[in-house]
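Below are some notes for a colleague on strand pairing and on one helix. Please read them alongside the model.

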Amino acid sequence: MSSSYDVSIWAIDKYEGARKTTYRVRWAVAGRRFQETFDTRKLAESFRSKLLTAAREGVAFDERTGLPEPMARAKFSRSCYELACEYVEMKWPHSSARHRKSIADALATVMPALLSTDRGRPDDKTLRRALYGWAFTKSSKRKDSDPEISGALRWVAQNTLPVSDLEDPTVMRRALDRLATTVNGQSAAPNTIARKRAVFSGMLLYGVEIGLLDRNPSTRVRWKTPKSTEAIDRRVVVNHEQYRRLKSAVRKVYPPLEAFYNCIYYAALRPAECVHLSEADCKLPEEGWGELLLTGSIQTVGEAWSDSGDAKEVRGLKHRARNDTRIVPACPDLVASLRRHIDTFGTGPNGRLFVNRAGRFGRPIAGPYSNPVSTNTQSRVWRKARGQALNPSEAASPLARRPYDLRHACVSTWFNAGVPPTQIAEWAGQSVEVLLRIYAKCISGQTDTALRRIEDALKIDDVSGLDGTA
(Lines give C-alpha, C1' and ligand atoms only; values in the text may rest on other atoms or scores of the structure.)
Protein backbone atom coordinates (compact mmCIF):
# COMPACT_ATOMS: atom_id res chain seq x y z
CA MET A 1 0.00 0.00 0.00
CA SER A 2 1.74 3.17 -1.24
CA SER A 3 1.04 6.16 1.02
CA SER A 4 1.63 9.92 1.10
CA TYR A 5 1.29 12.88 3.46
CA ASP A 6 0.70 15.34 0.59
CA VAL A 7 -3.03 15.90 1.10
CA SER A 8 -5.34 18.74 0.03
CA ILE A 9 -9.01 18.89 1.04
CA TRP A 10 -11.48 21.34 -0.50
CA ALA A 11 -14.86 22.70 0.53
CA ILE A 12 -18.03 20.73 -0.11
CA ASP A 13 -19.65 21.24 -3.51
CA LYS A 14 -23.43 21.43 -3.67
CA TYR A 15 -25.04 20.16 -6.88
CA GLU A 16 -28.72 20.86 -7.54
CA GLY A 17 -29.93 18.41 -10.15
CA ALA A 18 -33.30 18.05 -11.82
CA ARG A 19 -34.39 15.28 -9.44
CA LYS A 20 -32.32 15.71 -6.31
CA THR A 21 -29.53 17.69 -4.68
CA THR A 22 -26.22 16.01 -3.86
CA TYR A 23 -23.08 17.06 -2.00
CA ARG A 24 -19.57 16.24 -3.20
CA VAL A 25 -16.38 16.00 -1.12
CA ARG A 26 -13.21 16.60 -3.14
CA TRP A 27 -9.61 16.05 -2.06
CA ALA A 28 -6.22 15.15 -3.53
CA VAL A 29 -3.43 12.81 -2.40
CA ALA A 30 0.05 13.20 -3.96
CA GLY A 31 -1.51 15.22 -6.78
CA ARG A 32 -4.17 12.63 -7.59
CA ARG A 33 -7.75 13.88 -7.19
CA PHE A 34 -10.59 11.96 -5.52
CA GLN A 35 -14.23 12.65 -4.80
CA GLU A 36 -17.21 11.11 -2.98
CA THR A 37 -20.85 12.12 -3.48
CA PHE A 38 -23.47 12.07 -0.72
CA ASP A 39 -27.23 12.59 -0.60
CA THR A 40 -27.17 14.92 2.42
CA ARG A 41 -24.85 17.66 3.64
CA LYS A 42 -24.50 16.00 7.06
CA LEU A 43 -23.10 12.83 5.49
CA ALA A 44 -20.71 14.86 3.35
CA GLU A 45 -19.55 16.94 6.35
CA SER A 46 -19.02 13.79 8.43
CA PHE A 47 -16.84 12.20 5.75
CA ARG A 48 -14.87 15.43 5.16
CA SER A 49 -14.34 15.76 8.91
CA LYS A 50 -12.74 12.31 9.02
CA LEU A 51 -10.35 13.30 6.24
CA LEU A 52 -9.43 16.58 7.97
CA THR A 53 -8.86 14.87 11.32
CA ALA A 54 -6.58 12.24 9.74
CA ALA A 55 -4.58 14.92 7.89
CA ARG A 56 -4.16 17.08 11.03
CA GLU A 57 -3.02 14.09 13.09
CA GLY A 58 -0.36 13.20 10.50
CA VAL A 59 -1.96 9.99 9.30
CA ALA A 60 -0.68 8.80 5.93
CA PHE A 61 -3.16 8.55 3.04
CA ASP A 62 -3.30 5.61 0.64
CA GLU A 63 -2.43 6.86 -2.86
CA ARG A 64 -4.62 4.28 -4.61
CA THR A 65 -7.87 4.86 -2.73
CA GLY A 66 -7.19 8.39 -1.45
CA LEU A 67 -8.32 7.33 2.03
CA PRO A 68 -6.43 7.55 5.32
CA GLU A 69 -4.59 4.26 5.81
CA PRO A 70 -6.87 2.99 8.64
CA MET A 71 -9.94 3.61 6.46
CA ALA A 72 -8.27 2.01 3.45
CA ARG A 73 -7.37 -1.11 5.45
CA ALA A 74 -10.94 -1.36 6.75
CA LYS A 75 -12.29 -1.01 3.23
CA PHE A 76 -10.14 -3.85 1.94
CA SER A 77 -10.41 -6.07 4.97
CA ARG A 78 -12.86 -8.41 3.28
CA SER A 79 -11.43 -11.59 1.81
CA CYS A 80 -12.00 -13.05 -1.65
CA TYR A 81 -14.06 -15.79 0.00
CA GLU A 82 -16.35 -13.23 1.64
CA LEU A 83 -16.73 -11.38 -1.67
CA ALA A 84 -17.65 -14.66 -3.40
CA CYS A 85 -20.27 -15.44 -0.75
CA GLU A 86 -21.75 -11.94 -1.07
CA TYR A 87 -21.85 -12.33 -4.85
CA VAL A 88 -23.77 -15.63 -4.55
CA GLU A 89 -26.17 -13.96 -2.11
CA MET A 90 -26.77 -11.13 -4.58
CA LYS A 91 -27.23 -13.34 -7.66
CA TRP A 92 -29.34 -16.08 -6.08
CA PRO A 93 -32.84 -14.50 -6.21
CA HIS A 94 -32.52 -13.55 -9.87
CA SER A 95 -30.87 -16.71 -11.25
CA SER A 96 -32.27 -20.00 -12.47
CA ALA A 97 -31.31 -23.15 -10.60
CA ARG A 98 -29.00 -24.19 -13.41
CA HIS A 99 -27.25 -20.80 -13.42
CA ARG A 100 -26.84 -21.04 -9.65
CA LYS A 101 -25.02 -24.34 -10.12
CA SER A 102 -22.83 -22.74 -12.77
CA ILE A 103 -21.89 -19.87 -10.42
CA ALA A 104 -21.03 -22.27 -7.61
CA ASP A 105 -18.97 -24.45 -9.96
CA ALA A 106 -16.90 -21.51 -11.20
CA LEU A 107 -16.29 -20.01 -7.76
CA ALA A 108 -15.41 -23.39 -6.26
CA THR A 109 -12.92 -23.87 -9.10
CA VAL A 110 -11.13 -20.53 -8.68
CA MET A 111 -11.14 -20.22 -4.88
CA PRO A 112 -8.21 -22.64 -4.26
CA ALA A 113 -6.03 -20.26 -6.32
CA LEU A 114 -6.88 -17.43 -3.91
CA LEU A 115 -5.73 -19.10 -0.70
CA SER A 116 -3.04 -17.39 1.37
CA THR A 117 -1.44 -20.62 2.62
CA ASP A 118 -1.54 -24.39 2.28
CA ARG A 119 -0.84 -25.03 5.93
CA GLY A 120 -3.65 -27.11 7.43
CA ARG A 121 -5.47 -27.12 4.10
CA PRO A 122 -8.25 -29.71 3.70
CA ASP A 123 -7.78 -32.28 0.95
CA ASP A 124 -8.95 -31.29 -2.53
CA LYS A 125 -12.07 -33.47 -2.45
CA THR A 126 -13.28 -32.08 0.88
CA LEU A 127 -12.44 -28.51 -0.15
CA ARG A 128 -14.37 -28.87 -3.40
CA ARG A 129 -17.38 -30.41 -1.63
CA ALA A 130 -17.41 -27.68 1.02
CA LEU A 131 -17.23 -24.83 -1.49
CA TYR A 132 -19.47 -26.17 -4.26
CA GLY A 133 -22.09 -27.97 -2.22
CA TRP A 134 -22.25 -25.77 0.87
CA ALA A 135 -20.54 -22.36 0.85
CA PHE A 136 -21.91 -21.26 -2.52
CA THR A 137 -25.33 -22.90 -2.13
CA LYS A 138 -27.54 -20.34 -0.45
CA SER A 139 -30.44 -22.73 0.18
CA SER A 140 -28.28 -25.24 2.06
CA LYS A 141 -29.08 -25.22 5.79
CA ARG A 142 -26.72 -28.02 6.77
CA LYS A 143 -23.43 -26.17 7.17
CA ASP A 144 -23.21 -26.97 10.90
CA SER A 145 -24.35 -30.60 10.64
CA ASP A 146 -21.15 -31.98 9.08
CA PRO A 147 -18.03 -31.33 11.19
CA GLU A 148 -15.68 -31.99 8.28
CA ILE A 149 -17.46 -29.50 6.04
CA SER A 150 -17.86 -26.80 8.70
CA GLY A 151 -14.19 -27.18 9.62
CA ALA A 152 -13.13 -26.82 5.99
CA LEU A 153 -15.24 -23.68 5.59
CA ARG A 154 -13.77 -22.12 8.73
CA TRP A 155 -10.29 -22.80 7.39
CA VAL A 156 -11.12 -21.21 4.02
CA ALA A 157 -12.62 -18.15 5.71
CA GLN A 158 -9.41 -17.65 7.71
CA ASN A 159 -6.93 -18.37 4.93
CA THR A 160 -8.17 -16.56 1.82
CA LEU A 161 -6.37 -13.58 0.29
CA PRO A 162 -7.84 -10.10 0.85
CA VAL A 163 -9.71 -8.58 -2.06
CA SER A 164 -6.96 -5.99 -2.52
CA ASP A 165 -4.53 -8.76 -3.55
CA LEU A 166 -6.58 -9.29 -6.71
CA GLU A 167 -4.87 -6.17 -8.02
CA ASP A 168 -1.63 -8.18 -8.17
CA PRO A 169 -1.22 -9.50 -11.76
CA THR A 170 0.49 -12.63 -10.42
CA VAL A 171 -2.51 -13.50 -8.27
CA MET A 172 -4.94 -12.74 -11.09
CA ARG A 173 -3.04 -14.87 -13.61
CA ARG A 174 -2.97 -17.76 -11.12
CA ALA A 175 -6.75 -17.48 -10.72
CA LEU A 176 -7.37 -17.41 -14.47
CA ASP A 177 -5.08 -20.39 -15.00
CA ARG A 178 -7.07 -22.27 -12.38
CA LEU A 179 -10.29 -21.62 -14.31
CA ALA A 180 -8.73 -23.35 -17.31
CA THR A 181 -8.35 -26.68 -15.51
CA THR A 182 -10.80 -29.39 -14.51
CA VAL A 183 -11.22 -30.93 -11.07
CA ASN A 184 -8.79 -33.64 -12.17
CA GLY A 185 -6.17 -31.08 -13.19
CA GLN A 186 -6.67 -31.54 -16.93
CA SER A 187 -7.27 -28.77 -19.46
CA ALA A 188 -10.91 -27.71 -19.52
CA ALA A 189 -12.92 -27.31 -22.71
CA PRO A 190 -12.95 -23.79 -24.22
CA ASN A 191 -16.68 -23.36 -23.60
CA THR A 192 -16.25 -24.38 -19.96
CA ILE A 193 -13.40 -21.90 -19.51
CA ALA A 194 -15.42 -19.10 -21.07
CA ARG A 195 -18.42 -19.86 -18.86
CA LYS A 196 -16.37 -19.94 -15.65
CA ARG A 197 -14.42 -16.82 -16.54
CA ALA A 198 -17.69 -14.97 -17.13
CA VAL A 199 -18.82 -15.87 -13.61
CA PHE A 200 -15.47 -14.84 -12.11
CA SER A 201 -15.57 -11.56 -14.02
CA GLY A 202 -19.08 -10.99 -12.69
CA MET A 203 -17.78 -11.40 -9.14
CA LEU A 204 -14.96 -8.91 -9.82
CA LEU A 205 -17.39 -6.37 -11.29
CA TYR A 206 -19.55 -6.77 -8.22
CA GLY A 207 -16.46 -5.95 -6.17
CA VAL A 208 -16.12 -2.76 -8.22
CA GLU A 209 -19.80 -1.99 -7.71
CA ILE A 210 -19.59 -2.15 -3.91
CA GLY A 211 -16.33 -0.22 -3.80
CA LEU A 212 -13.85 -2.97 -2.96
CA LEU A 213 -12.06 -2.64 -6.31
CA ASP A 214 -11.35 0.36 -8.52
CA ARG A 215 -11.85 -1.63 -11.70
CA ASN A 216 -11.94 -5.21 -12.95
CA PRO A 217 -8.35 -6.36 -12.29
CA SER A 218 -8.55 -9.18 -14.83
CA THR A 219 -8.36 -6.60 -17.63
CA ARG A 220 -4.78 -5.84 -16.62
CA VAL A 221 -3.62 -9.38 -17.42
CA ARG A 222 -2.99 -10.40 -21.01
CA TRP A 223 -4.72 -13.76 -20.67
CA LYS A 224 -6.98 -14.97 -23.46
CA THR A 225 -9.70 -17.57 -23.23
CA PRO A 226 -9.03 -20.40 -25.73
CA LYS A 227 -11.19 -20.11 -28.82
CA SER A 228 -14.25 -22.33 -28.91
CA THR A 229 -16.23 -23.65 -31.85
CA GLU A 230 -19.88 -22.68 -31.61
CA ALA A 231 -20.96 -24.43 -34.80
CA ILE A 232 -22.47 -27.87 -34.37
CA ASP A 233 -20.24 -30.75 -35.45
CA ARG A 234 -21.95 -32.02 -38.58
CA ARG A 235 -20.92 -35.57 -37.65
CA VAL A 236 -23.57 -35.64 -34.91
CA VAL A 237 -26.45 -34.98 -37.34
CA VAL A 238 -28.42 -38.03 -38.50
CA ASN A 239 -30.17 -38.38 -41.84
CA HIS A 240 -33.71 -39.70 -42.27
CA GLU A 241 -32.70 -43.30 -42.91
CA GLN A 242 -30.49 -43.40 -39.83
CA TYR A 243 -33.23 -41.94 -37.66
CA ARG A 244 -35.74 -44.51 -38.91
CA ARG A 245 -33.39 -47.20 -37.65
CA LEU A 246 -32.98 -45.43 -34.31
CA LYS A 247 -36.73 -44.95 -33.95
CA SER A 248 -37.34 -48.61 -34.62
CA ALA A 249 -34.80 -49.58 -31.98
CA VAL A 250 -36.41 -47.27 -29.41
CA ARG A 251 -39.73 -48.99 -30.10
CA LYS A 252 -38.12 -52.29 -29.06
CA VAL A 253 -36.15 -50.97 -26.08
CA TYR A 254 -38.75 -48.70 -24.44
CA PRO A 255 -41.84 -47.80 -26.53
CA PRO A 256 -43.17 -45.01 -24.25
CA LEU A 257 -40.25 -42.79 -25.30
CA GLU A 258 -40.56 -43.13 -29.08
CA ALA A 259 -42.83 -40.07 -29.31
CA PHE A 260 -40.46 -38.17 -27.02
CA TYR A 261 -37.54 -38.53 -29.46
CA ASN A 262 -39.91 -37.84 -32.38
CA CYS A 263 -40.77 -34.45 -30.85
CA ILE A 264 -37.09 -33.55 -30.89
CA TYR A 265 -36.40 -34.87 -34.39
CA TYR A 266 -39.54 -33.63 -36.17
CA ALA A 267 -40.28 -30.39 -34.22
CA ALA A 268 -36.85 -29.34 -32.82
CA LEU A 269 -38.09 -29.34 -29.23
CA ARG A 270 -35.51 -29.26 -26.48
CA PRO A 271 -35.74 -32.27 -24.13
CA ALA A 272 -36.78 -29.96 -21.27
CA GLU A 273 -39.62 -28.66 -23.46
CA CYS A 274 -40.71 -32.21 -24.31
CA VAL A 275 -41.21 -33.24 -20.69
CA HIS A 276 -43.31 -30.09 -20.11
CA LEU A 277 -45.59 -30.90 -23.06
CA SER A 278 -49.17 -31.86 -22.19
CA GLU A 279 -52.04 -33.26 -24.22
CA ALA A 280 -53.88 -29.92 -24.02
CA ASP A 281 -50.93 -28.24 -25.77
CA CYS A 282 -51.18 -30.54 -28.80
CA LYS A 283 -53.41 -29.99 -31.79
CA LEU A 284 -53.50 -33.45 -33.42
CA PRO A 285 -55.92 -33.77 -36.34
CA GLU A 286 -56.67 -37.20 -37.81
CA GLU A 287 -55.02 -36.13 -41.07
CA GLY A 288 -52.46 -33.54 -42.10
CA TRP A 289 -50.32 -31.21 -40.04
CA GLY A 290 -50.87 -30.37 -36.39
CA GLU A 291 -49.41 -27.86 -33.92
CA LEU A 292 -47.60 -27.96 -30.62
CA LEU A 293 -48.04 -25.04 -28.22
CA LEU A 294 -44.96 -24.74 -26.02
CA THR A 295 -45.57 -22.92 -22.75
CA GLY A 296 -42.51 -23.78 -20.67
CA SER A 297 -39.83 -26.31 -19.79
CA ILE A 298 -38.91 -28.56 -16.88
CA GLN A 299 -35.25 -28.38 -15.89
CA THR A 300 -33.58 -31.13 -13.88
CA VAL A 301 -31.59 -29.56 -11.04
CA GLY A 302 -30.39 -30.59 -7.60
CA GLU A 303 -32.61 -29.99 -4.59
CA ALA A 304 -30.08 -27.54 -3.13
CA TRP A 305 -30.35 -25.22 -6.14
CA SER A 306 -34.11 -24.74 -6.44
CA ASP A 307 -36.27 -22.44 -4.34
CA SER A 308 -38.82 -25.17 -3.70
CA GLY A 309 -36.34 -27.87 -2.71
CA ASP A 310 -37.50 -30.12 -5.58
CA ALA A 311 -35.05 -31.77 -7.94
CA LYS A 312 -36.97 -30.43 -10.97
CA GLU A 313 -37.89 -26.84 -11.71
CA VAL A 314 -40.62 -25.56 -14.03
CA ARG A 315 -39.40 -22.57 -16.02
CA GLY A 316 -40.40 -20.49 -19.02
CA LEU A 317 -39.11 -21.05 -22.52
CA LYS A 318 -35.43 -20.41 -23.12
CA HIS A 319 -34.53 -16.85 -24.24
CA ARG A 320 -38.14 -15.71 -23.74
CA ALA A 321 -40.26 -13.98 -21.12
CA ARG A 322 -41.59 -16.29 -18.42
CA ASN A 323 -45.18 -16.33 -19.73
CA ASP A 324 -44.29 -16.32 -23.44
CA THR A 325 -45.29 -19.21 -25.70
CA ARG A 326 -44.09 -20.73 -28.96
CA ILE A 327 -46.02 -22.59 -31.65
CA VAL A 328 -44.25 -25.33 -33.62
CA PRO A 329 -45.75 -27.22 -36.59
CA ALA A 330 -46.16 -30.99 -36.17
CA CYS A 331 -45.71 -32.98 -39.37
CA PRO A 332 -48.15 -35.86 -40.08
CA ASP A 333 -45.61 -38.45 -38.86
CA LEU A 334 -45.28 -36.66 -35.52
CA VAL A 335 -49.05 -36.20 -35.22
CA ALA A 336 -49.58 -39.93 -35.76
CA SER A 337 -46.86 -40.76 -33.25
CA LEU A 338 -48.34 -38.53 -30.53
CA ARG A 339 -51.87 -39.83 -31.11
CA ARG A 340 -50.56 -43.40 -30.86
CA HIS A 341 -48.66 -42.51 -27.68
CA ILE A 342 -51.72 -41.03 -25.97
CA ASP A 343 -53.97 -43.96 -26.98
CA THR A 344 -51.44 -46.62 -25.92
CA PHE A 345 -49.74 -45.20 -22.85
CA GLY A 346 -52.02 -42.45 -21.60
CA THR A 347 -50.92 -39.27 -19.83
CA GLY A 348 -49.76 -38.36 -16.36
CA PRO A 349 -51.03 -35.67 -13.97
CA ASN A 350 -51.89 -32.39 -15.70
CA GLY A 351 -51.97 -34.27 -18.98
CA ARG A 352 -48.18 -34.56 -19.21
CA LEU A 353 -47.20 -36.86 -22.08
CA PHE A 354 -43.80 -38.05 -20.88
CA VAL A 355 -43.76 -39.18 -17.25
CA ASN A 356 -42.22 -42.02 -15.27
CA ARG A 357 -44.03 -45.33 -15.66
CA ALA A 358 -44.39 -48.66 -13.93
CA GLY A 359 -42.73 -51.34 -16.05
CA ARG A 360 -41.62 -51.37 -19.65
CA PHE A 361 -45.16 -51.00 -21.04
CA GLY A 362 -46.82 -49.68 -17.88
CA ARG A 363 -49.26 -46.91 -17.41
CA PRO A 364 -48.16 -43.63 -15.79
CA ILE A 365 -47.47 -43.72 -12.07
CA ALA A 366 -50.39 -42.00 -10.40
CA GLY A 367 -50.63 -39.47 -7.62
CA PRO A 368 -47.81 -37.61 -5.89
CA TYR A 369 -45.20 -40.13 -7.04
CA SER A 370 -45.60 -39.16 -10.70
CA ASN A 371 -42.74 -37.12 -12.16
CA PRO A 372 -41.57 -36.13 -15.63
CA VAL A 373 -39.41 -38.81 -17.24
CA SER A 374 -35.88 -38.35 -15.91
CA THR A 375 -32.87 -37.33 -17.95
CA ASN A 376 -31.19 -40.58 -16.86
CA THR A 377 -33.99 -42.59 -18.44
CA GLN A 378 -33.86 -40.48 -21.61
CA SER A 379 -30.11 -41.06 -21.96
CA ARG A 380 -30.15 -44.74 -20.95
CA VAL A 381 -32.84 -45.70 -23.45
CA TRP A 382 -31.11 -43.70 -26.18
CA ARG A 383 -27.77 -45.41 -25.57
CA LYS A 384 -29.36 -48.86 -25.83
CA ALA A 385 -31.28 -47.95 -28.99
CA ARG A 386 -28.19 -46.39 -30.55
CA GLY A 387 -26.17 -49.52 -29.90
CA GLN A 388 -28.80 -51.67 -31.61
CA ALA A 389 -29.59 -49.41 -34.57
CA LEU A 390 -26.18 -48.19 -35.75
CA ASN A 391 -23.45 -50.19 -37.42
CA PRO A 392 -20.04 -50.39 -35.65
CA SER A 393 -18.52 -47.42 -37.50
CA GLU A 394 -21.59 -45.23 -36.86
CA ALA A 395 -21.74 -46.27 -33.22
CA ALA A 396 -18.07 -45.34 -32.74
CA SER A 397 -18.65 -41.89 -34.27
CA PRO A 398 -20.32 -38.85 -32.61
CA LEU A 399 -23.46 -39.52 -34.67
CA ALA A 400 -26.55 -38.75 -32.54
CA ARG A 401 -24.62 -39.40 -29.35
CA ARG A 402 -27.20 -37.44 -27.33
CA PRO A 403 -30.97 -37.13 -27.78
CA TYR A 404 -30.38 -33.35 -28.10
CA ASP A 405 -28.49 -33.99 -31.36
CA LEU A 406 -31.82 -34.83 -32.98
CA ARG A 407 -32.74 -31.14 -32.65
CA HIS A 408 -29.78 -30.24 -34.86
CA ALA A 409 -31.00 -32.72 -37.47
CA CYS A 410 -34.48 -31.16 -37.44
CA VAL A 411 -33.22 -27.61 -37.88
CA SER A 412 -30.86 -28.74 -40.65
CA THR A 413 -33.76 -30.47 -42.40
CA TRP A 414 -35.78 -27.26 -42.31
CA PHE A 415 -32.84 -25.33 -43.75
CA ASN A 416 -32.33 -27.81 -46.56
CA ALA A 417 -36.05 -27.71 -47.34
CA GLY A 418 -35.74 -23.98 -48.06
CA VAL A 419 -37.66 -22.68 -45.05
CA PRO A 420 -36.70 -19.00 -44.41
CA PRO A 421 -34.28 -18.54 -41.48
CA THR A 422 -36.66 -16.15 -39.72
CA GLN A 423 -39.37 -18.82 -39.67
CA ILE A 424 -36.94 -21.51 -38.50
CA ALA A 425 -35.72 -19.21 -35.72
CA GLU A 426 -39.31 -18.71 -34.55
CA TRP A 427 -40.04 -22.44 -34.53
CA ALA A 428 -36.74 -23.40 -32.90
CA GLY A 429 -36.84 -20.66 -30.28
CA GLN A 430 -33.54 -19.08 -31.34
CA SER A 431 -32.41 -15.77 -32.79
CA VAL A 432 -31.62 -15.72 -36.49
CA GLU A 433 -28.02 -14.80 -35.72
CA VAL A 434 -27.50 -17.80 -33.44
CA LEU A 435 -29.33 -20.05 -35.86
CA LEU A 436 -27.10 -19.17 -38.81
CA ARG A 437 -23.94 -19.39 -36.70
CA ILE A 438 -24.66 -22.67 -34.97
CA TYR A 439 -27.44 -24.74 -36.49
CA ALA A 440 -27.17 -24.24 -40.25
CA LYS A 441 -25.67 -27.65 -41.00
CA CYS A 442 -26.39 -30.05 -43.88
CA ILE A 443 -27.65 -33.40 -42.68
CA SER A 444 -25.64 -36.53 -43.31
CA GLY A 445 -26.27 -38.01 -46.74
CA GLN A 446 -27.07 -34.84 -48.69
CA THR A 447 -23.53 -34.05 -49.81
CA ASP A 448 -23.84 -36.42 -52.79
CA THR A 449 -27.03 -34.67 -53.90
CA ALA A 450 -25.35 -31.28 -53.76
CA LEU A 451 -22.32 -32.53 -55.71
CA ARG A 452 -24.57 -33.99 -58.42
CA ARG A 453 -26.31 -30.64 -58.79
CA ILE A 454 -22.95 -28.92 -59.23
CA GLU A 455 -21.90 -31.57 -61.72
CA ASP A 456 -25.12 -31.10 -63.72
CA ALA A 457 -24.57 -27.34 -63.73
CA LEU A 458 -21.04 -27.78 -65.08
CA LYS A 459 -22.32 -30.05 -67.87
CA ILE A 460 -24.80 -27.37 -68.92
CA ASP A 461 -21.95 -24.84 -69.07
CA ASP A 462 -19.92 -27.21 -71.26
CA VAL A 463 -22.80 -27.69 -73.70
CA SER A 464 -23.37 -23.92 -73.85
CA GLY A 465 -19.71 -23.41 -74.71
CA LEU A 466 -19.84 -25.87 -77.64
CA ASP A 467 -22.84 -24.09 -79.10
CA GLY A 468 -21.00 -20.78 -78.85
CA THR A 469 -23.80 -19.33 -76.79
CA ALA A 470 -23.33 -17.29 -73.63
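1. Strand 3 and strand 4 are joined by a hairpin of 4 residues. Helices (H or I, at least four residues) and strands (E, at least two) are DSSP runs, numbered from the N terminus; two strands pair if DSSP finds at least two bridges between them. Strand 3 (residues 13-16) runs antiparallel to strand 4, with 4 bridges, and Glu16 sits opposite Thr21.

2. The model is predicted: local features need pLDDT of at least 70, side-chain atom pairs count only at pLDDT 80 or more, and totals for chains, interfaces and linings use all residues. Residues are numbered from 1 along each chain as its sequence is written, and side-chain values use heavy atoms, without hydrogens and water.

3. Strand 4 (residues 21-29) also pairs antiparallel with strand 2 (residues 7-9) through 3 bridges; there Ser8 faces Ala28. With strand 5 (residues 32-38), strand 4 forms 7 antiparallel bridges, and Trp27 has Phe34 as its bridge partner. The hairpin of strand 4 and strand 5 has 2 residues between the strands, and Ala30 takes a positive phi near 55° there.

4. Helix 13 (residues 375-389) has 15 residues; at 1.5 Å a residue it should span 21 Å, which agrees with the 21 Å between its end C-alpha atoms. The expected span is 1.5 Å times one less than the number of residues.

5. Buried residues (under 20% relative accessible area, 1.4 Å probe, protein chains only; exposed is over 50%) of helix 13 include Val381, Trp382 and Arg386.
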